[in-house]
Amino acid sequence: MKLFMTFIFFMAFSNNSLAKQISISFDDAPRVADGHLTGEQRMRGITQALYKHGVKAAFYVNSAKMDNDEALSRVVFYARSGHILANHTHSHFNFNNTDLKTYKDDFREAHNRLHRFINYKKWFRFPYLREGNTQEKVNGFRQYLGSYGYKNAYITINNYDWYMETLFQNYAKTTSQVDLNKLRNFYVEELYGAIEYYYQMGKEVSKRPIKHVLLLHENDLAALFLDDLLQKLKKNNWRFITPEQAYDNNFLANYKTKKIWPNNPGRLAEYAVTKGMTTGLWHKSCSEPYLEKQFQKALTKVPESQW
Ligand SMILES: [Zn+2]
């Protein structure tokens with residue numbers, strides 16, 4: 001009996017330690033929609049995919065982008081659909097080129113405009129993930145966030161979906177018909193590669209299960225292929241957790257990097273440095289030339305029959 005109990009405990013523990021848990025977040029809402037899809041089509045595509053898979057996501061808002069009815073109504077719709085809204089600054093300044101006072105003012109502007117929205121959380125996602133390039137900025141802004149009762153809404157899975165979107169929108173302008181199957185494959189495979197990469201990193205640097213936070217952007221590619229990405233995650237035994245679950249009761253949520261980063265790689269990679277990891281903090285797809293090459297291969301390769 002004792003042996004059996006030990007076995008059960010071992011199984012429960014090992015399953016737990018292997019658990020693949022992920023929450024989904026979208027930055028830059030409401031991003032300008034003047035390309036392949038209208039703002040409303042984008043909004044429907046994203047929310048329908050989330051609904052289909054029972055996923056509650058978080059949208060990080062730049063309040064300056066809510067300067068027209070269409071964009072504002074998208075933000076309201078996300079909140080009314082049960083998703084979280086949170087602060088991504090008013091103007092999306094790059095902290096590296098912005099002084100502390102200006103950055104604080106811009107955060108506060110977003111807070112003032114957003115905090116009465118339903119489903120608003122006092123969570124802050126740094127634009128470009130940059131948390132300050134001097135000790136004074138890092139400490140000063142951490143303190144300021146705390147004084148407003150905010151938490152740093154960090155990510156663990158970094159990727160360049162924003163650049164995939166740029167490649168797609170530029171390509172769509174020059175082509176009458178984009179091959180959506182090829183585009184889907186490109187988007188899902190590149191993102192899934194990044195997800196598995198950070199999953200492995202988590203396993204290597206911590207014995208505790210990592211509650212992952214995927215960074216996406218509120219863009220047309222998400223509207224078109226989020227359903228496929230979520231399906232792929234399910235098929236590979238990932239379990240969707242809410243953004244609250246991701247940040248709750250989690251050792252990574254309490255970890256604060258001591259290093260001053262000109263470019264932060266995301267919290268898991270920052271933590272990995274303390275465990276001796278020095279290279280590979282960014283997945284290979286966090287590179288514009290790499291993605292250009294992959295996009296070219298996936299979308300514009302001339303079929304062999306035309307050689
Ligand atoms: Zn952003």
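Helix axes are lines fitted to C-alpha atoms over the stretch in contact, and angles between the N-to-C directions run from 0 to 180 degrees. With that in hand, the axes of H7 and H11 come within 10 Å and cross at roughly 35°. The structure is a predicted model, in which local features need pLDDT of at least 70, side-chain atom pairs count only at pLDDT 80 or more, and totals for chains, interfaces and linings use all residues. Residues are numbered from 1 along each chain as its sequence is written.

Along the principal axes, the C-alpha trace spans about 65 × 55 × 40 Å. Buried residues account for 39% of the 307; a residue is buried if 20 or more other C-beta atoms, placed from the backbone, lie within 10 Å of its own, exposed if 12 or fewer, and partly exposed in between.

H7 passes H11 in a left-handed crossing, meaning that the near helix is turned anticlockwise from the far one by less than a right angle (right-handed if clockwise). Tyr198, Met201, Gly202 and Val205 of H7 meet Leu268, Ala269, Tyr271 and Ala272 of H11, where contact requires C-beta atoms, placed from the backbone, within 7 Å.

H7 (residues 180-205) also packs with H8 (residues 220-235), at an angle of about 60° and with the axes 9 Å apart. That makes H7 oblique to H8, since angles under 35 degrees count as roughly parallel, over 145 as roughly antiparallel, 65 to 115 as roughly perpendicular and the rest as oblique. This crossing of H7 and H8 is right-handed.

Finally, Cys286 is found in the loop between H11 (267-274) and H12 (288-299). With 18 C-beta neighbours inside 10 Å, Cys286 counts as partly exposed. Cys286 and Asn159 are 127 residues apart in sequence, yet their C-alpha atoms are 5.2 Å apart in space. Leaving aside residues up to four places away in sequence, Cys286 touches Asn158, Asn159 and Tyr160.

Definitions and conventions
Helices (H or I, at least four residues) and strands (E, at least two) are DSSP runs, numbered from the N terminus. Two residues are in contact if their C-beta atoms, placed from the backbone, lie within 7 Å.
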